[in-house]
Every structure is written in structure tokens, then in C-alpha cells.
Amino acid sequence: CLTSDSSSGVRDFIARHYPRVKQTNPDLPVLVREATGIEPKVWARFEYGRESNASLAGLNGDQVLQQIQDILKSDKS
């Protein structure tokens, strides 16, 4: 959401961290969908149709980055 407090960390992540993430992972497909009044979430799709997701509500930009890193690590364990 472009205005809600619960999404402010996602907006901060996009402004501060996304360019570096995309630069270091140019083939990583990322889709950002904006919608008013929706809880911010991250979804990851892995091989064999496995998916993982986590809420990003109320997190700051650094915490959003950490949540994404944690999801990626969980796929490797």
C-alpha cells in the first residue's frame, strides 16, 4: 500500500535495498504489486512448486531485507 503505516518498511526496502538486490541478482524475478489496505507479504517460489511466505506488516526496510534472506535460507535447509 502506498500510504499505510504497515507497508512503510516495504516502501523503504524498495527505495534503499531493492536496487542492490537486483544488481547482485539480475536474473531474480521480482514482482511488486500495490494494493490499498492489503497486508504486505513476501512470497517466494522454489523448485518443485514449493512456496513460502511471510508477513512484512510493521517491519522496517532492514527487517524486510532480513525476512527475505530468511526465506531464501529456509529453502536451502
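## Terms and model

Helices here are DSSP runs of H or I with at least four residues, numbered from the N terminus. The model described is predicted.

## Annotated span

A UniProt record, from an unreviewed entry, places the feature "domain: Ribosomal protein/NADH dehydrogenase" at residues 2-75. In the model, this span is 42% helix and 14% strand. The C-alpha atoms at its ends lie 30 Å apart.

## Helix α1

Helix α1 runs over residues 8-16, and its residues Gly9, Val10 and Phe13 are buried. These residues cover an arc of only 100 degrees around the axis, so they fall on the same side of α1.

## Largest pocket

The largest pocket holds about 1,400 Å³ of space. Elements giving two or more residues to its lining are α1, α2, α3 and the strand β1, at residues 41-45. Of these, α3 contributes the most to the lining of the largest pocket, with six residues.

In total, 37 residues line the largest pocket. Those nearest its centre are Val30, Leu31, Lys41, Val42 and Trp43. Sorted by class, the lining has 25 nonpolar, eight charged and four polar residues.

Technical notes
Residues numbered from 1 in each chain as written. Predicted model: local features only at pLDDT ≥ 70, side-chain atom pairs only at ≥ 80, totals over all residues. Heavy atoms only, no water. Buried < 20%, exposed > 50% of the residue type's maximum accessible area, 1.4 Å probe, protein only. Arc of directions from axis to C-beta. UniProt positions renumbered as here; feature names shortened; annotations may be inferred. 1 Å grid on protein atoms, 1.4 Å probe; cavity = no way out; pocket = protein on both sides within 12 Å on 5 of 7 lines; lining within 4 Å. Points joined across faces, edges and corners; volume = space filled by probe spheres on them. Nonpolar A, V, L, I, M, F, W, Y, C, P; charged D, E, K, R; others polar.
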